[in-house]
Amino acid sequence: MEGNPRIENLELRIQTLEARSIPAQHTLGAAFVQSGIGLHTGLPVQVRVLPASVGEGRSFVRVDLPDAPEIPARIESVGQTLLSTELRVGEARVRTVEHLLSALAGMGVDNARIEMDGSEAPLLDGSAREWAAAIAQAGIIAQSAPRLIWSLQEPIWIRENDAFVAALPAPELRFTYGIDFDLPAIANQWHSWSPSSGTFAEEIASARTFGLADQIETLRAQGLIQGGSLENALVCGSDGWLNPPLRFANEPVRHKLLDLVGDLSLLGEIPTAHFLAYKASHNLHSQLARSLNELRTVSH
Ligand SMILES: [Zn+2]
């Protein structure tokens with residue numbers, strides 16, 4: 001039997017519409033709750049992530065403080081970036097926001113309200129796996145306004161000694177990351193990920209935070225990583241990993257890429273570009289986001 005011409009016409013019309021369509025903004029299909037302890041504070045915290053309206057973006061709300069101050073997850077809110085990214089508005093702060101933000105941005109959630117009853121997001125298992133699973137379960141729904149799309153005309157880069165971050169003009173979004181450690185278990189690792197070649201949930205979300213065994217006591221003495229343990233961070237010593245197995249052979253560099261996506265999400269919309277980072281830090285990631293934000297402001 002020949003194809004039904006009416007159905008063929010319909011398929012053609014749908015294909016034409018899809019080819020023309022600009023991606024819509026997205027939010028969550030439902031709210032969800034996660035609880036855990038903060039990496040640095042070691043304190044328990046509960047987080048409620050709720051759908052938000054078109055154009056609202058991603059923002060944190062400190063529901064434990066008087067008047068429940070809102071802290072937009074934007075580059076303008078970045079405070080200190082020592083071992084995690086902190087956002088603040090006035091006296092209100094939220095710390096270690098990068099894994100949750102990475103999961104939201106990496107899975108295409110543009111608008112979300114994140115209510116927290118403490119100052120640091122929970123570390124959970126040290127990755128974004130539980131965030132990604134909760135987002136998938138809540139559902140991701142299209143909204144009635146287009147997402148802002150922007151791209152780069154010129155490369156932009158920031159260097160600090162032999163570490164750097166760069167954004168290069170490219171036809172599609174891609175992130176490439178390199179790290180290099182003296183410890184043989186980590187050594188030199190590179191990873192490149194594009195959302196068009198594999199999902200955030202499968203390729204990036206489950207890569208865990210890692211730390212070096214010989215730095216743990218120093219960091220603890222400085223009041224940092226009070227909530228860190230062998231359950232929520234990979235720890236590496238000169239003889240190898242203290243708590244194997246790894247989820248990926250190059251899990252550490254995939255985690256750095258996860259952090260980079262989270263820090264760049266503070267732009268609201270990450271521009272279409274190839275992001276390239278080597279031995280970088282939250283500080284360099286944030287500097288790149290700040291420079292890109294200024295570039296966007298100037299060019300509009
Ligand atoms: Zn991280």
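Author: Let's start with a definition: a residue is buried if 20 or more other C-beta atoms lie within 10 Å of its own, exposed if 12 or fewer do, and partly exposed in between, with C-beta atoms placed from the backbone. The model is predicted: local features need pLDDT of at least 70, side-chain atom pairs count only at pLDDT 80 or more, and totals for chains, interfaces and linings use all residues. Residues are numbered from 1 along each chain as its sequence is written.

Reader: Thanks! Is asparagine 111 buried or exposed?

Author: Asparagine 111 sits in the loop between α2 (98-106) and β8 (112-116); helices (H or I, at least four residues) and strands (E, at least two) are DSSP runs, numbered from the N terminus. Asparagine 111 has 21 C-beta neighbours inside 10 Å, so it counts as buried.

Reader: How far apart in space are glycine 38 and proline 122?

Author: Glycine 38 lies in the loop between β2 (32-37) and β3 (44-51). With 24 other C-beta atoms within 10 Å, glycine 38 is buried. Its contacts beyond four places in sequence include Arg95, Glu120, Pro122 and Gly227. Proline 122 is 84 residues away in sequence, yet the C-alpha to C-alpha distance is 4.5 Å.

Reader: How many residues of α6 are buried?

Author: Helix α6 covers residues 251-264 and reaches 20 Å from first C-alpha to last, close to the expected 20 Å, where the expectation is 1.5 Å times one less than the number of residues. The helix is mostly covered, and its count of buried residues is 14 of 14.

Reader: How are α2 and α6 oriented to each other?

Author: Glu98, His99, Leu101, Ser102, Ala105 and Gly106 in α2 meet Leu258, Asp259, Val261, Gly262 and Asp263 in α6. The axes are 7 Å apart, at an angle of about 80°; axes are lines fitted to C-alpha atoms, for helices over the stretch in contact, and angles run from 0 to 180 degrees between N-to-C directions. Angles under 35 degrees count as roughly parallel, over 145 as roughly antiparallel, 65 to 115 as roughly perpendicular and the rest as oblique. The two helices, α2 and α6, are therefore roughly perpendicular.

Reader: Which strands stand at the edges of the five-strand sheet?

Author: This open sheet has mixed pairing in the order β10-β11-β17-β12-β13; two strands pair if DSSP finds at least two bridges between them. Each edge strand has a single partner, so one side of each lacks a neighbour in the sheet: β10 (156-160) and β13 (188-193).

Reader: Which residue in β17 stands opposite arginine 174?

Author: Strand β17 (residues 274-278) pairs with β11 (residues 163-168) in the antiparallel sense over five bridges. With β12 (residues 174-180), β17 pairs in the parallel sense, also over five bridges. Opposite arginine 174 stands histidine 274.

Reader: At what angle does α6 run to β12?

Author: Strand β12 is joined to β13 by six bridges in an antiparallel arrangement. Helix α6 lies across β12, β13 and β17, and its angle to β12 is about 130°.

Notes: Contact = placed C-beta atoms within 7 Å.
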